[in-house]
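Reader: I would like to know what stands behind the terms used for this model. Please set each value against its definition.

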Amino acid sequence: MIFGFSYATSSVFESDRERALLGISANTKRPVRFHARVTREIFTLRTALRTLGEAIWSQDSWTSREDYLSNVLDPIITVHPDRVIFEAFTGDQGAYVALHVERELFETEGEVITGTTNVDFSAWLWAALADMRSSRETWLRIGAEGFEVRTMSSGGRFEKKVDVPEPWVRGFLQTQGAMSMSGTCLQVRPVDLLAAIRWLRYTKAKVSPRGMRYVFEPGKEARLILEPWEHSVSLKGAEHHYTEPRTIRVWGRRKLKLIEPLLPFAEHVDVHLKGRSMPSFYSVKLPGMTFVLGIGGAAEGFRDTASFELLGSTQKVEEAKLQEVAALLAKKLFFTPKYAAEACGISLETAQAALEKLCRLGRAMFDVQARQFRHRELFEKPIDEARLYPPDARLEKADAMLVAGNVSVTSCAPEETRKVKTLKTLEGKIEREIVFRDWRVIGAAGEQKEVELVVNDNGRLIYGRCGCAFFKQHLLARGPCEHLLALFRFSDAARQDLPSSTASNIPPKEDDIDDEDDDA
């Protein structure tokens, strides 16, 4: 999908002894206007904007320079009466970031034109933001009219086109649906999360598994376990309401370093967990603003959205009702599904499904902090839904089997391989017996009474067996059949997140000493 952006001038940052101007140039094809003086929290705003820039150029996968540059998109700005929202997606599709800045931080000047647009956010601008000072009067100007350019690094009018892969666009859109899903919410202290990030920074492991687990025990505070050391971080004050022991394992922990600069200024962090192999979201509450970091649930990040595609609403929405909800959202700009249901005279389930579909089409976004939907036209022209979301018959059939209750599990047991490793920690080297655990699941799905699959410790399906014609013809070369998909989803609760290593008294072999750094 080719996106074209046109800017009157580059974004600028100019400052003298008494005044600073941050001029962000908006796409002339989709103009918005917001001119205001920043009244407080200038330093925090500077840090948050620089964190946004870090995320834009974050890349944790091997790629060529050409592919890397083609996947770097300018951030998106949405101006609403109550806040200004910056959004961006990392080039490797591993993380989504959003900065919500409350209007109370600004004293506006002139007319405010609401809407959504792309803005020029160059590496030069990111570096120049370091010169923002709370000792100077600071102005923020967002507009398409351009700025008087006195900076040698800036230029006049320019246009650029970016060819973005469809999976990238689809992953960006699906983050909103993932945020709206129900799950577990924890309010944690920034210092506890910072302790986990610092441990991961200075203590690296070249061996898998490299996930982390949130552990919930009745009557106790939640804990965060870092693998493979089984290092426990107590989340003091993080209350939960589980009456039985529960463990939720998540991946993508390297992306947590993106919010590290914000934690010293944060009041608290809300952690939203959607389940095993599902995305997780970290909402950092700062004075007058909120920074949201979304991390993909598996190794593919948000590239492979099938892991939560089946969990979306299955409620069908008539086109007339969808357009009615869309028109109401465009008028009111933000509200909850309950408000939409009452205003449009539809059920709560239909309103929820309609708003989720608008997110899927890029016409709305979900505010995970306020738990409401906001109007946000992501594209200049409506997308071709049939092209971007081609129907997948296997997913639909698997979903139908789950809804009908035609899936059962006969056995679900772990198969373990153990190996002694010497791991580095901040306190010195320790010996741990690493557990590589696969889950073998046997059951029935639909008309197939003997279905078998094996899931590795990263939640990936690595082996399958089924008697259907699709599997006999393609095996797993074209992905799992609908019966394997249904059994995979149904057995999720039975595949427990167990400790990834145990203490060991057996000395490791020489080649098992973890003496290399690893950034994976």
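Author: The chain has 13 helices and 27 strands. The model is predicted, with a mean pLDDT of 84 for the chain and 86% of its residues at 70 or more.

Reader: Which elements have the lowest and the highest mean pLDDT?

Author: Helix α6 (residues 306-309) has the lowest, 49, and strand β18 (residues 280-286) the highest, 95. Over residues 514-520 pLDDT stays under 50. The model has 18 contacts beyond four places in sequence for that stretch.

Reader: What makes strand β6 mostly covered?

Author: Buried means under 20% relative accessible area. In β6 (residues 83-89), 7 of 7 residues are buried. One side carries R83, I85, E87 and F89 and the other V84, F86 and A88, and all are buried, so by that cut-off both faces of the strand are covered. For the chain, buried residues make up 53% of the 520 residues.

Reader: How do you know that β6 and strand β7 pair?

Author: Pairing requires at least two bridges. β6 and β7 (residues 95-102) have 7 bridges, in the antiparallel sense, and therefore count as paired.

Reader: How does the reach of helix α11 compare with the expected span?

Author: The expected span is 1.5 Å times one less than the number of residues. α11 (residues 393-404) has 12 residues and reaches 16 Å from its first C-alpha to its last, close to the 16 Å expected. Just after α11, G405 takes a positive phi of about 75°.

Reader: Why are the buried residues of α11 said to be on the same side?

Author: The buried residues are L395, A398 and M401. They cover an arc of only 125° around the axis, which puts them on the same side of α11. An α-helix has 3.6 residues a turn, so residues three or four places apart point the same way.

Reader: Which exposed residues are on the face turned away from the buried side of α11?

Author: That face of α11 carries E396, V403 and A404. Each of these is called exposed because the term means over 50% relative accessible area.

Methods. Residues are numbered from 1 along each chain as its sequence is written. This is a predicted model: local features need pLDDT of at least 70, side-chain atom pairs count only at pLDDT 80 or more; totals for chains, interfaces and linings use all residues. Side-chain values use heavy atoms; hydrogens and water are left out. Helices (H or I, at least four residues) and strands (E, at least two) are DSSP runs, numbered from the N terminus. Buried means under 20% relative accessible area, exposed over 50%, partly exposed in between (1.4 Å probe, protein chains only). The arc is that of the directions from the helix axis to the C-beta atoms. pLDDT is the predictor's confidence in each residue, from 0 to 100. Contact means heavy atoms within 4.5 Å.
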